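I opened this model to see what could be looked up in it. Here are my notes, entry by entry, for anyone meeting the structure alongside me.

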Amino acid sequence: MPEIFKTIDKIKPLYDWVYKIVMLICKLLLIGDICITTYSILGRYIPFIEDPAWSEEVVLTFMCYMAVLSAALAIRRNAHIRMTAFDRFLPAIVIKILNFVSDLAVLILAFIMVFVGFRYANGIGGKGFYISMPWLSRFWMYFPVPLAGIAMIVFELETLYNHIKAFYDKEEGQH
């Protein structure tokens, strides 16, 4: 069985690459938010700079992308919110099982986010337009949900694999 872990461990650079891409997207969105907000504020107070009507909708859309994508990043770093108040009272194996089950539930949520999110993005989003930009579909307002779902699936698969590997490593040490 350890051979399969060595083989699967070779995929880790792919997870690293996806993490870096999602992180880069979040950084670019943050830079965009800061630049657009700064330009909008300057446009309100400096007469020769025009305050763009579209700035608020774009900033809010960027913030939606950052919120859900950064939540996906937290999965990989194991930095998302967890209930750990009773961990010191439970046996280690129970905690491992509970962590596995909770990550499995998050994986199911991620699949729901992808399928339902795409349905909403194509359905409701595909029919509407941004008020200040009538040429731009509201698809882009709903698209962060399935996009984050895809990232969550990738990172949850790695997390679940690590849980399984930890179970096996613990059993290996007992033999």
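**Entry 1: a residue in a loop**

I began with N78, which sits in the loop between α3 and α4 (92–122). Helices here are DSSP runs of H or I with at least four residues, strands are runs of E with at least two, and both are numbered from the N terminus. This is a predicted model, so I note that local features need pLDDT of at least 70, side-chain atom pairs count only at pLDDT 80 or more, and totals for chains, interfaces and linings use all residues. Residues are numbered from 1 along each chain as its sequence is written, and side-chain values use heavy atoms, with hydrogens and water left out.

Most residues other than glycine have a negative phi. I also looked up the cover of N78: its relative accessible area is 47%, so N78 is partly exposed. On this scale buried means under 20% relative accessible area, exposed means over 50%, and partly exposed is in between (1.4 Å probe, protein chains only).

**Entry 2: a nonpolar patch**

Next I went looking on the surface. I4, I8, I11, L14, W17, I21 and I25 form a nonpolar patch there, with about 600 Å² of accessible area together. For such patches, residues need over 30% relative accessible area and no salt bridge; nonpolar side chains (Val, Leu, Ile, Met, Phe, Trp, Tyr) are joined within 5 Å, and like charges within 9 Å. The areas come from the Shrake-Rupley method with a 1.4 Å probe, and for residues only the protein chains shown count as cover.

Which helix gives the most to the nonpolar patch? I found that α2 does, with four residues. Both α1 (2–9) and α2 (12–45) supply at least two residues each. I11 lies in the loop between these two helices, α1 and α2. With a relative accessible area of 37%, I11 is partly exposed.

**Entry 3: two helices side by side**

I then followed α2 to its meeting with helix α3 (residues 55–77). The axes of α2 and α3 come within 9 Å and cross at roughly 155°. I took axes as lines fitted to C-alpha atoms, for helices over the stretch in contact, with angles from 0 to 180 degrees between N-to-C directions. The two helices, α2 and α3, are therefore roughly antiparallel to each other. For that word the angle must be over 145 degrees; under 35 counts as roughly parallel, 65 to 115 as roughly perpendicular and the rest as oblique.

**Entry 4: salt bridges**

How many salt bridges does a search of the whole structure find? I have six in my notes. Each is a side-chain nitrogen of Lys or Arg within 4 Å of a carboxyl oxygen of Asp or Glu. Side chains of opposite charge can pair when their charged atoms come close.

D16 pairs with K12, and their closest N and O atoms are 3.1 Å apart. Both D16 and K12 lie in helix α2, four residues apart, about one turn of the helix. D16 counts as partly exposed at 24% relative accessibility, and K12 counts as partly exposed at 43%. I also see a network of salt bridges linking K12, D16, R76 and E158.

R44 forms a salt bridge with D51, with 3.5 Å between the closest N and O atoms. R44 is exposed at a relative accessible area of 55%, while D51 is partly exposed at 32%.

Are E57 and R138 buried or exposed? Both are buried. Their side chains meet in a salt bridge (3.9 Å, N to O). E57 lies in helix α3 and R138 in the loop between α5 (124–127) and α6 (139–142), so the pair ties together parts that are 81 residues apart in sequence.

**Entry 5: some distances**

Last, I looked up a few C-alpha separations. L60, found in helix α3, is 36 Å from H163, 103 residues apart along the chain. L98, in helix α4, is 27 Å from L147 in space, C-alpha to C-alpha, and 49 residues from L147 in sequence. I164 lies in helix α7 (residues 144–174); I164 and P91 are 17 Å apart, C-alpha to C-alpha, and 73 residues apart in sequence.
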